[in-house]
Amino acid sequence: MTVVTGTVVASGTADGDVTDGTTVFDEDVPAVGKLDPGLGDALRKAAGDAAGDGVEFRVNSGWRSPETSEHVSGDAVDLGGSGAAEWLSEHGARYGLCQIYANEPWHFELRPAAVDRGCPAEYADPTEDPRLQK
Ligand SMILES: [Zn+2]
């Protein structure tokens with residue numbers, strides 16, 4: 001008898017939905033697995049260090065299919081988990097992980113230059129982001 005093992009992706013996650021408790025290490029979940037590889041690696045590196053401080057990075061939203069935002073290209077992640085956004089706000093620049101919008105403290109993107117220069121100034125909200133203007 002042959003036993004086939006494999007990863008079963010929970011129904012509903014194909015468009016980028018996440019279930020409670022999804023972390024940045026759950027690469028079998030499309031919301032995490034379809035993130036830009038550089039962003040995913042930086043998140044996992046930071047999460048490993050944050051764990052030493054007792055902080056876990058939960059993914060509230062990563063890659064997702066609809067709407068206009070950096071999430072569609074896998075270049076943004078919305079973090080949850082107690083203290084995660086606060087931890088990354090303080091330490092994220094050294095991993096190239098930056099808050100982009102002042103009104104979305106949970107939304108992080110990869111800014112490799114931040115490792116040397118710190119994170120760029122935040123936009124007040126997404127309507128100020130020239131990337132999202134059509
Ligand atoms: Zn976001």
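How many disulfides does a search of the whole structure find? The search finds one disulfide, the term standing for a pair of cysteine sulfur atoms within 2.5 Å. Before selecting it, note that this is a predicted model, in which local features need pLDDT of at least 70 and side-chain atom pairs count only at pLDDT 80 or more, while totals for chains, interfaces and linings use all residues. Residues are numbered from 1 along each chain as its sequence is written, and side-chain values use heavy atoms, with hydrogens and water left out.

**Stop 1: the disulfide**

Select Cys-98 and Cys-119, whose sulfur atoms are 2.0 Å apart in the disulfide. Look along the S-S bond of Cys-98 and Cys-119: the torsion is about -85°, so the disulfide is left-handed. The pair links distant parts of the chain, with Cys-98 in strand E3 and Cys-119 in the segment after H4, 21 residues apart. Helices (H or I, at least four residues) and strands (E, at least two) are DSSP runs, numbered from the N terminus. Cys-98 is buried at 0% relative accessibility, whereas Cys-119 is partly exposed at 33%. Here buried means under 20% relative accessible area, exposed over 50%, and partly exposed in between, with a 1.4 Å probe and protein chains only.

**Stop 2: the sheet**

Next, show the strands. Four of them form an open sheet in the order E1-E2-E4-E3, with antiparallel pairing; two strands pair if DSSP finds at least two bridges between them. Strand E1 (58-61) and strand E3 (97-99) are at the edges with a single partner strand each, so one side of each is left without a neighbour in the sheet. On average, neighbouring strands of this sheet are turned by 45° against each other, direction ignored. The axes behind such angles are lines fitted to C-alpha atoms, for helices over the stretch in contact, and angles run from 0 to 180 degrees between N-to-C directions.

Now select strand E2 (residues 76-80), which pairs with E1 in the antiparallel sense over three bridges. Val-59 stands opposite Leu-79 in E2, and the bridge partner of Arg-58 is Gly-80. E2 also pairs with E4 in the antiparallel sense, again over three bridges; there Ala-76 stands opposite Glu-109 in E4.

In a regular strand the side chains alternate between the two faces of the sheet. Both faces of E2 are covered: Ala-76, Asp-78 and Gly-80 are buried on one side, and Val-77 and Leu-79 are buried on the other. Five of the five residues of E2 are buried, so the strand is largely enclosed by the rest of the structure.

**Stop 3: the zinc site**

Asp-78 (OD), His-71 (NE2) and His-107 (ND1) coordinate the zinc ion at 2.0 to 2.1 Å. Along the chain, the donors of the zinc ion follow the spacing H-x6-D-x28-H. His-71 is in the loop between E1 and E2 and His-107 in strand E4, 36 residues apart, and the pair links distant parts of the chain. Donors are N, O and S atoms within 2.8 Å of the metal (3.2 Å for Na, K and Ca); water is not among the atoms, so sites may look incomplete. Both histidines are buried: His-71 has a relative accessible area of 1%, and His-107 is at 3% relative accessibility.

**Stop 4: aromatic rings**

Rings of Phe, Tyr and Trp (its six-membered ring) pair if their centres lie within 6.5 Å; planes under 30 degrees apart count as stacked, over 60 as edge-to-face and the rest as tilted. By this rule there are three aromatic pairs. Select Tyr-101 and Tyr-123, a tilted pair at 6.3 Å centre to centre with 35° between the planes. Tyr-101 lies in the loop between E3 and strand E4 (107-110) and Tyr-123 in the segment after helix H4 (114-117), so the pair ties together parts that are 22 residues apart in sequence. Tyr-101 is buried at 3% relative accessibility, whereas Tyr-123 is partly exposed at 26%.

Move on to Phe-57, Trp-87 and Tyr-95, which form one aromatic cluster.

**Stop 5: Ala-42**

From Tyr-95, select Ala-42: the C-alpha atoms of the two residues are separated by 5.7 Å, although they are 53 residues apart along the chain. Ala-42 is in helix H2 (residues 37-51) and is buried, with a relative accessible area of 8%.
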